[in-house]
Amino acid sequence: MLKPIQRLGLVLSLPALLVACGSAPKNGSEDTTYYYANPKGRSAVAPVNAPPPPASLAGPAGVARIVYFDFDKYDVKPEYRAIVEAHARYMRERPQARVVLEGHTDARGGRSYNVALGQRRAESVRQAMQLGGVPNERMEPISWGMEKPASLETTEAGYQLNRRVEFVYR
């Protein structure tokens, strides 16, 4: 037999449970397919049944949100220029859009060197977008250095995933 306080807790939690279970799915008009680039520059598709993107994933539909770099380099490789141009076009068409360009490195090298390298990578993408017509004040290049790895593998493939700039829209 439940005590009165237990019954009260059950009665109070029941409406929340019913609301959570009975919520209807969206009408299906939203595109829930997300794209990202692999280090080889080809786009890949995330699961179709993924939840809608948070604001940080806003951006051009069907365009990768990551640009990868070679070891100890910060120039945008030719195979990623189309991605940067697509983001620049998106920003030009949406004057309210703001983007943070997050530079990352692999774990090799010292902490301060990697922070500086990540910043140079983010600045390189910012400069390419500025040449594409995006005002500088709408972009914020930052560096995480090696602090937020995409891969913990200590192989060349793992290192390659960490040498990147991510587009994070606000």
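Q: Two strands are said to pair if DSSP finds at least two bridges between them. What makes strand S4 and strand S6 a pair?

A: In this predicted model, strand S4 (residues 99-104) and strand S6 (residues 164-169) are joined over six bridges. The definition asks for at least two, so the two strands count as paired. Their pairing is in the antiparallel sense. One of the links can be named: the bridge partner of Glu-102 in S6 is Glu-166.

Q: How do you know that S4 and S5 also pair, and in which sense?

A: DSSP finds six bridges between S4 and S5, and at least two are needed, so this too is a pair. Here the sense is parallel. Glu-102 takes part on this side as well, with Ile-142 as its bridge partner in S5. In general, strands of a sheet pair through backbone hydrogen bonds, either parallel or antiparallel.

Q: What is the order of the strands in the open sheet, and what is the pairing called?

A: The order is S3-S6-S4-S5, and the pairing of these four strands is mixed. Within the sheet, S4 and S6 pair in the antiparallel sense, whereas S4 and S5 pair in the parallel sense.

Q: What makes S3 and S5 edge strands?

A: Strand S3 (66-68) and strand S5 (139-145) each pair on one side only. On average, neighbouring strands of the sheet are turned by 20 degrees against each other, direction ignored.

Q: Which residues of S5 lie on its covered face, and which on its uncovered face?

A: Met-139, Pro-141, Ser-143 and Gly-145 form the covered face, while Glu-140, Ile-142 and Trp-144 form the uncovered one.

Q: Which strands does each of the helices H2 and H3 lie across?

A: Helix H2 (residues 81-93) lies across S3, S4 and S6, and runs at about 20 degrees to S6. Helix H3 (residues 111-131) lies across S4, S5 and S6, and runs at about 155 degrees to S5.

Q: Which residues of H2 and H3 meet?

A: From H2, Val-84, His-87, Ala-88 and Met-91 meet Val-125, Ala-128 and Met-129 of H3.

Q: Which residues touch the most other members of the largest nonpolar core?

A: Val-67, Leu-101, Val-125, Met-129 and Phe-167 do so, in a core of 25 residues. The elements S3, H2, S4, H3 and S6 give two or more residues each, and H2 supplies the largest share, six residues. Met-129 has contacts with residues including Val-84, Leu-101, Val-134 and Phe-167.

Q: Why does Ala-64 count as buried?

A: Buried means under 20% relative accessible area. Ala-64 has 1% relative accessibility, which is under that limit, so it is buried. Ala-64 is placed in the loop between strand S2 (43-45) and S3. The C-alpha atoms of Ala-64 and Phe-167 are 8.8 Å apart, although the two residues are 103 apart in sequence.

Q: Why are Asp-72 and Arg-108 called partly exposed?

A: Partly exposed lies between the limit of 20% for buried and that of 50% for exposed. Asp-72 has a relative accessible area of 38% and Arg-108 one of 29%, so both fall between the two limits. Asp-72 lies in the loop between S3 and H2 and has a positive phi of about 60 degrees although it is not a glycine. Arg-108 is in the loop between S4 and H3, where it touches residues including Phe-71, Glu-156 and Tyr-159.

Methods: Residues numbered from 1 in each chain as written. Predicted model: local features only at pLDDT ≥ 70, side-chain atom pairs only at ≥ 80, totals over all residues. Heavy atoms only, no water. Axes fitted to C-alpha atoms, helices over the stretch in contact; angles between N-to-C directions. Contact = heavy atoms within 4.5 Å. Core = buried A, V, L, I, M, F, W, Y, C linked by side-chain atoms within 4.5 Å. Buried < 20%, exposed > 50% of the residue type's maximum accessible area, 1.4 Å probe, protein only. Lists of a residue's contacts leave out its neighbours within four places in sequence.
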